[in-house]
Amino acid sequence: MEGCRWATAGTLLLASLILVNAVSFPQSSRTARSEEDRDSLWDAWGSWSECSRTCGGGASYSLRRCLSSKTCEGRNIRYRTCSNVDCPPEAGDFRAQQCSAHNDVKYQGQFYEWLPVSNDPDNPCSLKCQARGAALIVELAPKVLDGTRCYTESLDMCISGLCQVRKAALP
């Protein structure tokens with residue numbers, strides 16, 4: 001794993017909680033405001049966070065505060081991709097690293113060596129792992145770390161537990 005790291009779970013949890021609390025309401029023609037009026041209810045966007053990974057593609061986020069006692073339209077968080085350089089071969093697969101982090105934690109009273117289960121069509125951003133040499137498959141976390149690929153053959157990545165199409169800036 002030399003030469004590649006990811007942000008702490010606390011940083012990612014904070015971003016996830018903020019995203020869950022983001023407010024987005026549809027406009028009706030009666031209450032539609034000009035772009036200028038709508039933006040004046042928000043503070044300026046903050047600086048970009050540290051990237052969730054140093055290589056292999058990660059995510060960074062920026063926050064803004066609603067300055068109004070009324071509800072602000074739009075989101076208070078935005079994302080962009082970062083660290084889009086390949087990881088060194090010895091770094092290994094990012095999802096596999098997350099599974100192996102559970103090797104020293106007992107599961108149902110036993111230690112297992114956990115291997116990644118990839119390409120789950122129902123929930124590609126959960127951390128599902130299989131015990132080596134057993135048919136046991138377990139969801140060890142509801143969300144993989146930001147920057148984990150949704151599918152092995154895709155550049156799309158998981159951000160805050162959701163599979164996002166990889167592009168320069170995420171919504």
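1. The side chain of R64 places a polar atom 2.9 Å from the backbone oxygen of R75; a polar contact is a pair of N or O atoms within 3.5 Å, where within protein one must be able to donate a hydrogen and the other to accept it, and residues adjacent in sequence count only if both atoms are side-chain atoms. R64 sits in the loop between β1 (58-63) and β2 (77-82). R64 is buried, at a relative accessible area of 15%; buried means under 20%, exposed over 50%, and partly exposed in between, with a 1.4 Å probe and protein chains only.

2. This is a predicted model, in which local features need pLDDT of at least 70 and side-chain atom pairs count only at pLDDT 80 or more, while totals for chains, interfaces and linings use all residues. Residues are numbered from 1 along each chain as its sequence is written, and side-chain values use heavy atoms, with hydrogens and water left out.

3. An open sheet of 3 strands runs in the order β3-β4-β5, with antiparallel pairing. Strands are DSSP runs (E, at least two residues), numbered from the N terminus, and two of them pair if DSSP finds at least two bridges between them. β3 (114-116) and β5 (137-141) are the edge strands, each pairing on one side only.

4. Strand β4 (residues 127-131) is joined to the antiparallel β5 by 4 bridges. L127 stands opposite A141, and K128 has E139 as its bridge partner in β5. The two strands form a hairpin with 5 residues between them, and G133 in the turn has a positive phi of about 75°.

5. The largest nonpolar core has 12 residues: C99, Y112, W114, C125, L127, C129, A131, V138, A141, V144, C150 and C158. Such a core is a set of buried Ala, Val, Leu, Ile, Met, Phe, Trp, Tyr and Cys residues joined through side-chain atoms within 4.5 Å. β4 gives the most to this core, with 3 residues. Another core, of 6 residues, lies apart from it and includes Y61, Y79, M157 and I159.

6. What is L127 in contact with, leaving aside its neighbours within four places in sequence? The list is R95, Q98, C99, H102, V138, E139, L140, A141, K143 and V144, where contact means heavy atoms within 4.5 Å. Among these, C99, V138, A141 and V144 are also residues of the largest nonpolar core.
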